[in-house]
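Q: Could you walk me through this structure, piece by piece?

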Amino acid sequence: MASEKPIVVVTCTAPVNIAVVKYWGKRDEELILPINSSLSVTLHQDQLKTTTTAAISRDFTEDRIWLNGQEEDVGQPRLQACLREIRRLARKRRSNGHEDPLPLSLSYKVHVASENNFPTAAGLASSAAGYACLAYALARVYGVDSDLSEVARRGSGSACRSLYGGFVEWQMGERPDGKDSIAHQVAPESHWPELRVLILVVSAERKPMGSTAGMQTSVETSALLKFRAEALVPARMAEMTRCIRERDFQAFGQLTMKDSNQFHATCLDTFPPISYLSDTSRRIIQLVHRFNAHHGRTKVAYTFDAGPNAVVFTLDDTVAEFVAAVRHSFPPESNGEKFLKGLPVEPILLSDELKAALGMDPVPGSIRYIIATQVGPGPQVLDDPGAHLLGPDGLPKPAA
C-alpha cells in the first residue's frame, strides 16, 4: 500500500448563527428533531468562527479530540453520533461505487482539534459553529459530499443552520427518522449588504442552565411553548422569510424582538421557571425601545438566545449612533479602547434630545464589550497548511 499517504489533514472554519425565529424544544431527543422550524442569520467569520482540523491516519490507535487546547472525552454521545453518521455516509458512498479519491480505510481513527475565537458556552452559539465545523471537516477528510444537516444536527440542533451563509431556515420536518429535518438557505449573505449585527457581551461565563436541560424541562412543563410551536411559528416563518426577501427592516426588527420575547416567556412559563436574561439584558431591551421611540420607527432590534448577551440588528447608517447610545448607558469601566471589537465604527456624539429620551442612569461596566459584525458566508476549507491545528504527528501544535 505504498500509495497511501501516512496522514490526511483537512482544516475548515464555520460560522456562528443567531436565530430570529427561535428553536426551543425537541420532539426526539436522540435524533435532535425540533418541535418547530426556525430561521437564523449567519454571522461573519472575520469576527466569530470555529476552526477545526480533522486528520486520519492508519497510525492512530483511537479517536481523539481537543477543544481550545484541552483534550476532551471523545465518548460524548453527541460527538459519537456525528462520527457514526459521517462514517455511515462514507461507507454508503463507497458501496455506491464512487471512486474514492482518498484510498483510505474507513477503519482509520480520527484526531480532531477545534478552537473558537470567542467565549465558549456563554450563549454565543459556540456549539452550533463547533458541530457545523466538525461535520464539514469530517466530511472533507472522509470524502463525503452529501447534505450534512443530519450530521451537524446530531451534534447540536442549531448547528445545521451554520452549514450555510446568509439567512437559513431549518425545516422541522415530519418524518420520524428525521431525514427531512434539514437546513437550507433562504437568501445568500450578499442579499442585504446594509444589515449589521452588534453583539453586546454582558457575561462571558458559562450560563446557569445549559440549553439541552432547559429545553427538556420546557417541553415537559410549558403549555405556552406547545402553543407557540403549533399555532404561531408557522406564520412567523413565512413572515420572516418575506421580511428578509423584501429587506423590510421595520417588520424584520419587530418580529425578531417579539419572537425573542416570546421565547423567554416560554422559559418563564417552564416549571420551575428558567431565566436566561440578566438585569443588564433587561436594560438593553429598554434602551432599544427608547431609542426606537425617539426616532419614531424601528431602527434597532434585539434578540437573546439562551443567555444574557444581546444580539442587535440594525442598518449600517444607524450603527454609530446606537453604539454611542450603548456607551452612554453602559460606560466601559477601563477597557475603553478594547470596548468595541470587530468592524470599525466611527465615534459620534449623542444629541441631548436622544440622551434625554434614553433617560437611563448609566451603569458602568455592565457591558464588557461589543462585537460589531455583519452577515457572512458558510463553512470554508483553509488551503494553507500553516492553518492546521494538528501537526504532522496528528497532535495539537504547541501554542505559538
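A: Asparagine 68 sits in the loop between strand E7 (64-67) and strand E8 (70-72), where helices (H or I, at least four residues) and strands (E, at least two) are DSSP runs, numbered from the N terminus. The model is a predicted one, in which local features need pLDDT of at least 70 and side-chain atom pairs count only at pLDDT 80 or more, while totals for chains, interfaces and linings use all residues. Residues are numbered from 1 along each chain as its sequence is written, and side-chain values use heavy atoms, with hydrogens and water left out.

Q: What is phi of asparagine 68 near?

A: Phi is near 50 degrees there, which is a positive value in a residue other than glycine.

Q: And which residues does the cis peptide bond join?

A: Phenylalanine 271 and proline 272 are joined by the cis peptide bond, with omega at about -5 degrees, and proline 272 belongs to the loop between H6 and H7.

Q: On to the helices, then: at what angle do H1 and H2 pack?

A: H1 and helix H2 (residues 126-142) pack at about 30 degrees with their axes 10 Å apart; axes are lines fitted to C-alpha atoms, for helices over the stretch in contact, and angles run from 0 to 180 degrees between N-to-C directions. H1 and H2 are therefore roughly parallel to each other, given that angles under 35 degrees count as roughly parallel, over 145 as roughly antiparallel, 65 to 115 as roughly perpendicular and the rest as oblique.

Q: Which residues in H1 meet H2?

A: Arg78, Leu79, Cys82, Leu83, Ile86, Arg87 and Ala90 in H1 meet H2 residues Tyr131, Leu134, Ala135, Leu138, Ala139 and Tyr142, where contact means heavy atoms within 4.5 Å. By class, this contact of H1 with H2 has 11 nonpolar, no polar and 2 charged residues, with Ala, Val, Leu, Ile, Met, Phe, Trp, Tyr, Cys and Pro counted as nonpolar, Asp, Glu, Lys and Arg as charged, and the others, Gly among them, as polar.

Q: How do H5 and H6 cross?

A: The axes of helix H5 (residues 223-245) and helix H6 (residues 249-269) come within 11 Å and cross at roughly 165 degrees, and H5 and H6 are therefore roughly antiparallel to each other. The contact of H5 with H6 divides into 11 nonpolar, 3 polar and 7 charged residues.

Q: Why are H7 and H8 called oblique?

A: Helix H7 (residues 279-295) and helix H8 (residues 319-329) pack at about 130 degrees, with axes 11 Å apart, and H7 and H8 are therefore oblique to each other. Leu287, Val288, Phe291 and His295 in H7 meet Glu321, Phe322, Ala325, Val326 and Ser329 in H8, and this contact has 6 nonpolar, 2 polar and 1 charged residues.

Q: Changing topic, which helix gives the most to the lining of the second largest pocket?

A: Helix H1 (residues 77-95) gives the most to that lining, with 5 residues. By class, the lining of the second largest pocket has 3 nonpolar, 4 polar and 8 charged residues.
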